[in-house]
Amino acid sequence: MTTDSSKKPSVLFVCVHNAGRSQMAAAFLTTLSQGSIEVRSAGSQPAEKINPSAVEAMAEVGIDMSSEIPKVLTTEAVKESDVVITMGCGDECPFFPGKRYEDWVLEDPAGKGVETVRPIRDEIRTRIEGLIESLTPAAK
């Protein structure tokens, strides 16, 4: 047991538009962690709405993210997160020492059909499952 067992680990997913990859990752982490991990997502240049192909691909696996809206990346969101996972936002993400940073290289689903989004979704799910294991080892 850690000394501060009351604090849930927190993860921030960042991509450029916060309309596809980061939203799918946040939806998977929220669902698969069953509330054991605090989840945020944001974009360096948020789109006006969620990618409809990403919404459709997630609905196929029983996750509804149709009501999500893209959010702008803030310094506060990075400061409040233990893990920051970037997906193509490059140097636009603020860096703070003591945080765990990962860069997930994933195809951008923007403007693509659901057939193209499905393998991206499946890759994100695999990575999320590994992330949950790394953040909640006591759950095993």
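Does Trp104 count as buried or exposed? I looked up its relative accessibility, found 5%, and so put Trp104 down as buried, the cut-off for that being under 20%. A reminder to myself: this is a predicted model.

Next I turned to the aromatic pairs, and the count came to two. In one of them, Phe13 pairs with Trp104 in a tilted arrangement, with 6.0 Å centre to centre and 55 degrees between the planes. I then checked where the partners sit: Phe13 is in strand β1 (residues 10-15), while Trp104 is in the loop between β4 (100-103) and α4, so this pair ties together parts 91 residues apart in sequence. I also noted that Phe13 is buried, at a relative accessible area of 0%.

Phe95 and Tyr101 form a stacked aromatic pair, and I read 4.7 Å centre to centre and 25 degrees between the planes. Here Phe95 is exposed, at 59% relative accessibility, and Tyr101 is partly exposed, with a relative accessible area of 26%.

My last stop was the helices. I found α2 (residues 52-59) packing with α4 (residues 114-135) at an angle of about 60 degrees, the axes being 9 Å apart. That angle makes α2 oblique to α4. I noted their crossing as right-handed.

For the contact itself, I listed Ser53, Ala54, Glu56, Ala57 and Met58 from α2, which meet Val114, Val117 and Arg121 from α4. Sorted by class, this contact of α2 with α4 holds five nonpolar, one polar and two charged residues.

Notes: Residues numbered from 1 in each chain as written. Predicted model: local features only at pLDDT ≥ 70, side-chain atom pairs only at ≥ 80, totals over all residues. Heavy atoms only, no water. Axes fitted to C-alpha atoms, helices over the stretch in contact; angles between N-to-C directions. Helix = DSSP H or I, 4+ residues; strand = E, 2+ residues; numbered from the N terminus. Parallel < 35°, antiparallel > 145°, perpendicular 65-115°, else oblique. Left-handed = near helix turned anticlockwise from the far one by under 90°. Contact = heavy atoms within 4.5 Å. Nonpolar A, V, L, I, M, F, W, Y, C, P; charged D, E, K, R; others polar. Phe/Tyr/Trp six-rings, centres within 6.5 Å; stacked < 30°, edge-to-face > 60°. Buried < 20%, exposed > 50% of the residue type's maximum accessible area, 1.4 Å probe, protein only.
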